[in-house]
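Visitor: I have a model open and would like to go through it piece by piece. Could you walk me through it?

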Amino acid sequence: MNNRPYQICTKTIMDTTDPHIIFNEKGESDYYTNFKENIEPNWHTDETGYIELMKIADKIKKTSKNKDFDCIIGLSGGLDSSYAAYVAKEIMGIRPLIFHVDAGWNTDKAVGNIEKLINGLGLDLFTEVINWEEMKDLQLAFLKSQIADQDLPQDYAFFSALYKFAKKHKINYVLTGGNFSTECCREPEEWGGFPGIDTTLVKDIHSKFGKRPLKTFPLVDILSYKIYYKYVYGMEVFKPLNLVPYIKKDAENLLTEKFGWEPFQHKHHESRFTRFYEDYWLPRKFGYQKRKAHFSSLILTGQMSREEALDRVSRPELPEEFLQREFEYVANKLDLTKEELQQIFEGENKTYKDYKNKMGIIKLGAQAMQKLGLEKRLFR
């Protein structure tokens with residue numbers, strides 16, 4: 001556990017719940033200084049960014065002109081991926097295939113948002129439904145593993161399914177909603193900020209706590225898509241939102257006015273499990289609040305005051321009665337009683353280090369990307 005005296009950044013709200021956070025003599029954290037030194041000077045959403053965006057669009061069009069689609073975009077129904085789809089179609093003028101992975105936890109609002117965007121933008125949608133029995137078994141295994149990041153099974157399903165589909169159908173370009181505007185402050189690994197898909201970790205956890213073979217569950221290891229998919233298959237990943245003005249409230253208003261899209265109370269609330277995990281499980285069991293990173297990103301990019309962020313994190317994002325109902329819902333959906341889920345919740349906390357993993361190699365890769373200037377955010 002972290003035994004450091006408590007300290008909070010004077011510019012953001014990142015604090016010593018990240019055990020590796022560094023402060024300068026002004027009390028500014030390395031999240032703030034990294035943003036000012038590495039991200040902000042290299043982040044162009046003006047004409048420079050637009051020119052780069054159009055170069056990417058031209059490249060994608062030229063090399064995909066004989067294909068049914070120019071690129072693929074994973075759409076959750078949340079803001080980042082929804083706005084990325086809008087930018088691709090309306091600004092870049094390309095033909096994206098919208099790809100959605102149903103892992104069993106969609107909110108009705110997320111499903112509605114996807115339908116509204118597809119119809120409003122005139123796009124094609126492919127939905128891959130994950131085998132629920134396998135999904136449930138893997139999620140139960142992760143819960144029993146007692147590690148902090150309980151969203152890894154969903155993340156693995158989303159990204160692996162997309163990469164596998166793109167490879168199978170010879171789609172060389174992936175556009176994502178990843179961006180600096182709302183994500184420049186990246187969660188440390190202790191909070192579940194894993195930089196990629198570690199199949200060694202998932203297989204070890206599932207071998208210890210799983211009961212059902214993962215016959216159809218998609219798994220693409222980070223080394224596969226960072227090396228094989230990129231250098232052998234030729235797949236490229238672009239983040240268009242880093243090249244256009246992207247202000248959270250403005251984007252929400254635009255999507256709402258044009259398509260009837262509905263905003264969420266907070267980031268990642270399009271998934272009922274992620275909402276429960278980030279708003280209940282992680283802060284109450286482990287003491288980590290991902291909102292600190294989410295709000296710090298908005299502070300750094302001028303979209304939220306530090307005072308407002310401190311006020312928001314001082315209390316739960318959702319009412320207690322609602323969270324208790326969600327606890328019961330999650331238990332029932334996973335075929336557990338409330339008492340069984342509570343027993344897991346009260347179990348001894350562990351980390352990924354208690355299981356086989358390749359995080360050492362993944363971290364080396366992340367550090368190499370930082371040195372090459374390919375990754376501007378801090379990686380812990």
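**Contacts of F142**

Guide: Not counting residues up to four places away in sequence, F142 touches I147, D149, Q150, L152, P153, Y156, V202 and I205; contact means heavy atoms within 4.5 Å. This is a predicted model, where local features need pLDDT of at least 70 and side-chain atom pairs count only at pLDDT 80 or more, while totals for chains, interfaces and linings use all residues. Residues are numbered from 1 along each chain as its sequence is written, and side-chain values use heavy atoms, with hydrogens and water left out.

Visitor: Which helix is F142 found in?

Guide: F142 is in helix α5. Helices (H or I, at least four residues) and strands (E, at least two) are DSSP runs, numbered from the N terminus.

Visitor: Is F142 buried or exposed?

Guide: F142 is buried, at a relative accessible area of 0%. Buried means under 20% relative accessible area, exposed over 50%, and partly exposed in between, with a 1.4 Å probe and protein chains only.

Visitor: Which other residue has a positive phi, near 75°?

Guide: H268 has that value, and it is a residue other than glycine. H268 is found in the loop between α9 and α10 (272–286). With a relative accessible area of 26%, H268 is partly exposed.

Visitor: Switching to the sheet. In what order do the strands come?

Guide: The order is β3-β2-β1-β4-β5, an open sheet of five strands with parallel pairing. Two strands pair if DSSP finds at least two bridges between them. β3 (124–129) and β5 (236–238) are at the edges with a single partner strand each, so one side of each has no neighbour in the sheet.

Visitor: How are neighbouring strands turned against each other?

Guide: By 30° on average, direction ignored. For angles in general here, axes are lines fitted to C-alpha atoms, for helices over the stretch in contact, and angles run from 0 to 180 degrees between N-to-C directions.

Visitor: How many bridges do β4 and β5 pair over?

Guide: Three, in the parallel sense.

Visitor: Next, α3. At what angle do α3 and α9 pack?

Guide: Helix α3 (residues 79–91) and helix α9 (residues 248–259) pack at about 65°, their axes 10 Å apart. The contact is made by L79, S82, Y83 and Y86 of α3 with K248, A251, E252, L254, L255, K258 and F259 of α9. These contact residues comprise seven nonpolar, one polar and three charged. In that count, Ala, Val, Leu, Ile, Met, Phe, Trp, Tyr, Cys and Pro are nonpolar, Asp, Glu, Lys and Arg charged, and the others, Gly among them, polar.

Visitor: How many residues of α3 are buried?

Guide: 10 of its 13 residues, so α3 is largely enclosed by the rest of the structure. Among them are D80, S81 and V87.

Visitor: What covers the buried residues of α3?

Guide: The cover includes α2 (47–64), β1 (71–74), β2 (96–102), α4 (108–121), β4 (173–175) and α9. Just after α3, G93 takes a positive phi of about 70°.

Visitor: Last one: what does L300 touch?

Guide: L300 touches T12, Y31, Y32, F35 and C184, leaving out residues up to four places away in sequence. L300 lies in helix α11 (residues 290–300) and counts as buried at 12% relative accessibility.
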